Every structure is written in structure tokens, then in C-alpha cells.
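Morning, everyone. Please have the model open on your screens while I talk. I'll go through it piece by piece.

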Amino acid sequence: MGNITGQKELSIYIHIPFCVKKCLYCDFLSSPAGEGDYRRYVEALIREIVQESGNYREYRVDTVYFGGGTPSLLPGKWVEEIMEAVSSHYRLAENCEASLEANPGTVTWEKLKSYQQAGINRLSLGAQSLKDGELEALGRIHNSADFFQSYQMAVEAGFRNLNVDLMLAIPRQSPESWRDTLGQVARLSPPPAHISAYSLIIEEGTPFHAQRPVLLEEDTERRMYRETGKFLAKYGYGQYEISNYALPGFQCRHNLAYWQRKNYAGFGIGAASLVENVRFRNIPHREGYVKNFLEEGAGIPIKEEVQRLSRQEQMEEFMFLGLRLTQGVSSKEFFRTFGVEIGQVYPGIVENFCQKGLLRVKEGPKGDSQWIALTEFGVDVSNYVMAEFLLS
């Protein structure tokens with residue numbers, strides 16, 4: 001990765017839509033498939049990456065993220081091929097953050113070394129829980145022993161920027177078991193640089209939605225969430241977003257790009273993009289996607305839902321995405337971007353929420369700007385608060 005300075009920043013997302021089996025809660029665009037399907041998809045993916053590169057010649061790529069599905073199902077050499085296409089046709093920053101999601105039990109020593117050869121320097125392990133009964137309730141394919149083995153292997157392979165995904169308020173979970181899982185993860189040696197702790201959401205179309213499993217009471221879940229930040233703080237983790245905690249210097253730059261509305265390009269089926277305030281996504285159908293790139297003359301349209309965001313929509317996104325961050329949104333940055341004060345666009349809303357204890361206004365790190373952020377109580381009802389910043 002050369003030391004290249006570009007005028008514009010870009011993040012790249014690469015979607016790998018394969019999994020061993022669908023978890024009971026999963027509504028992501030993923031499904032089981034055979035290795036032949038894997039290969040054809042990877043070939044199509046590489047062609048898309050190369051063909052689209054002409055649209056991004058003026059950009060410097062600061063982050064690359066392999067998400068899924070389960071990217072770690074691919075042979076390591078194929079990940080190398082994909083990253084070679086990226087590094088050969090895009091300008092990568094010297095300190096580019098390159099992440100790959102991995103499922104415990106699907107990583108091997110050979111894959112980990114291939115990832116490093118490819119330039120992957122951040123690994124995200126989807127543990128979800130360290131209690132086997134809870135993992136079974138989620139329909140996960142691994143157990144806690146698989147997680148510990150995969151984590152240790154990643155450490156021995158030389159990965160230092162490791163994230164662990166955990167899930168809060170899942171069936172069979174108690175506040176005590178959640179606290180124990182958090183403690184085991186925080187006390188790993190070396191500890192993960194980053195921990196994501198998401199609440200389970202029952203989505204339509206998933207097995208959980210049909211099964212209606214017994215979940216924790218809302219007040220219990222809220223207490224567990226609040227305890228999470230305080231517990232992890234004792235181990236040096238700072239909360240920087242509603243569901244994310246990091247040791248100093250290890251915030252996920254790729255996810256920050258989403259919340260700060262930076263440019264990002266998505267490759268693969270269903271992958272979303274935001275480029276110069278134009279949102280679009282790829283078609284979600286694997287057969288059509290692969291056919292378009294591998295069969296001459298197929299001519300299947302790949303982009304859909306193309307939307308040039310209005311100034312109003314940009315303001316709305318600035319507010320409700322930025323409020324996910326614990327630092328909140330900068331009034332100075334809002335004015336620099338839109339040429340108008342937040343109070344003029346949203347008269348009385350910030351003051352009203354401050355009086356209700358849902359928002360707080362604080363001085364920025366350099367004292368040259370006011371920042372508006374959710375309070376602890378505001379996080380509990382964040383969807384309600386953020387909805388008030390929709391202007392239409």
C-alpha cells in the first residue's frame with residue numbers, strides 16, 4: 001500500500017453473501033451455497049471492482065471492509081485475489097484500515113496468513129456470546145471453545161487490531177451471564193482492541209419473528225446496556241458510538257465513515273454506496289449479478305434505488321447518523337457544510353430535548369464549537385429523538 005495523498009476520501013465495502021447456515025435472527029443478505037457458487041461470485045466481484053475503478057480515480061481509499069454473510073468461508077487465496085484487484089486499481093492510503101469479518105470455527109492458520117498477505121490488518125470475530133446455551137438459542141454454528149481457539153490463533157498469527165461482536169438481550173441470557181461474557185472478553189490476553197455490543201432486534205422474515213422467543217423485559221435490557229459501558233470502562237474501553245467500544249486509538253474507522261457521511265462504495269450483491277451525496281445499491285439477486293459480469297452481453301442493470309439526496313435529506317442524515325456517536329454532532333461542522341445554524345433549521349428542538357434531559361450541549365475538544373449529543377436517558381429513546389430531526 002503506497003503512501004498516496006488524494007483529495008477525496010473513500011471507504012470500500014465488499015459483500016460476501018455466503019454462510020454455513022442462517023442464524024435464527026439474521027435478516028442480512030446471505031445464504032448457504034456450494035464452493036462453485038463461491039468461485040463464480042468472487043470472479044464477478046473482482047470484475048465489478050475493476051470496472052468501477054474508473055469512477056474513483058480522484059479518491060484515496062482509507063478503509064476496506066469485508067462483510068457478510070461469513071467472509072471467512074472463502075479460501076484465503078481468494079481474499080488475496082480480491083484485495084489485489086482493489087490495491088491494483090484504487091489508490092490505497094498507507095495506513096488503510098482493512099477489516100474482515102470472521103466466524104469462529106471457520107478460520108484456519110492458512111487463511112489468517114493469507115489475510116495478512118492480502119493486507120487485512122483488522123479482524124472482526126462474531127462471538128455473540130460465550131455461553132453455549134445462548135449460542136444454541138441463536139442458531140449459531142460455533143460454541144465458546146471455537147471462539148477461544150479462533151481468537152488465540154488470530155493473536156498468534158500476528159493480528160493486534162481485533163474486534164469481538166457480542167449480542168445483548170438474547171433468549172436464555174441473564175444479566176449475570178451477560179456480565180460474565182463481557183468479563184471473559186475484556187480479560188482476554190491480549191484484550192481485543194474493539195468490542196461491539198448490539199441488542200438483539202427481531203426482524204420480520206426471520207425464524208425468530210415467527211417463533212416469538214421469550215425475551216428480556218425492556219427495563220432489564222436497558223439496565224444491562226447501561227452497565228455495559230461502565231463495566232468496559234474499567235478495562236480501558238471508551239464508548240464512542242451507541243453500540244461500540246474501543247481501546248484508545250482503535251475506533252473502527254470504516255464504521256465512522258458511515259456515521260460521518262463520508263464517501264463509500266459498496267461492491268457485491270445488495271451493497272450500498274454513498275458517493276457525493278448520491279445513494280444507490282446493487283441488486284440483491286446473486287444469479288443476475290454473476291450473470292451480468294460473467295456472461296457476455298447479459299446487460300443486466302446492477303445499480304438500483306439511485307437517489308440524489310436533497311439538501312434537506314443531507315441535513316437529516318447529518319443529525320440522526322451523527323447523534324449515534326457519543327461525541328454527537330458539531331454545530332460548527334453543520335454550519336460549514338450547509339451554511340446555516342442548526343437552530344435555524346431545527347428551531348427549539350435542541351432546547352426542548354435538553355430540558356427533557358435527552359440531549360446535552362457541550363464544548364468541543366478545542367473549545368471552538370458546540371457539540372450536541374444524546375444523554376444516557378436520550379440513548380434509551382434514541383429512535384424517538386432522532387425521528388424529530390426528520391424535516392418532512
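The mean pLDDT of this chain is 93, and 97% of its residues reach 70 or more. pLDDT is the predictor's confidence in each residue, from 0 to 100. Over residues 1–6, the pLDDT is below 50. That stretch still has 17 contacts in the model beyond near neighbours in sequence. Contact means heavy atoms within 4.5 Å.

Some ground rules. This is a predicted model, where local features need pLDDT of at least 70 and side-chain atom pairs count only at pLDDT 80 or more, while totals for chains, interfaces and linings use all residues. Residues are numbered from 1 along each chain as its sequence is written, and side-chain values use heavy atoms, leaving out hydrogens and water.

Now helix α5, residues 144–157. Helices (H or I, at least four residues) and strands (E, at least two) are DSSP runs, numbered from the N terminus. How far apart are the end C-alpha atoms of α5? They are 20 Å apart. At 1.5 Å a residue, its 14 residues should span 20 Å, so the two agree. The expected span is 1.5 Å times one less than the number of residues.

Look at the ends of α5. Asn-143 caps the N-terminal end, with a side-chain oxygen 3.1 Å from the backbone nitrogen of Ala-145. After α5 comes Gly-158, with a positive phi near 110 degrees.

Which parts of the structure do the buried residues of α5 pack against? They pack against α3 (109–118), β4, α4 (132–138) and β5. Among those buried residues are Phe-147, Tyr-151, Met-153 and Val-155. Buried means under 20% relative accessible area, exposed over 50%, partly exposed in between (1.4 Å probe, protein chains only).

Next, the backbone. Most residues other than glycine have a negative phi, and most peptide bonds are trans. Here are some exceptions. Gln-128, not a glycine, has a positive phi of about 70 degrees. Gln-128 sits in strand β4, residues 122–128. Is Gln-128 buried or exposed? Gln-128 counts as buried, because its relative accessibility is 9%.

Arg-172 also has a positive phi, near 75 degrees. Find Arg-172 in the loop between β5 (162–168) and α6. Arg-172 is exposed, because its relative accessible area is 57%.

Then the cis peptide bonds. One runs from Gly-68 to Gly-69, with omega near 15 degrees. Gly-69 is in the loop between β2 (59–68) and α2 (76–89). Another joins Ser-189 and Pro-190, with omega about -10 degrees. Pro-190 is in the loop between α6 (175–186) and β6 (194–199).

On to Val-50, in helix α1, residues 35–52. Val-50 is partly exposed, at 29%. Beyond its neighbours within four places in sequence, Val-50 is in contact with Ala-85 and His-89. Thr-206 is 156 residues away from Val-50 along the chain, and their C-alpha atoms are separated by 35 Å.

Last, the cysteines. How many disulfides does a search of the whole structure find? The answer is 0. A disulfide here is a pair of cysteine sulfur atoms within 2.5 Å. Take Cys-252. Its closest cysteine sulfur is in Cys-96, 12 Å away, so that is too far for a bond. Cys-252 is buried, at 0% relative accessibility. Cys-354 is partly exposed, at 27%.

Terms used:
Polar contact = N/O pair within 3.5 Å; in protein donor to acceptor, adjacent residues only side chain to side chain.
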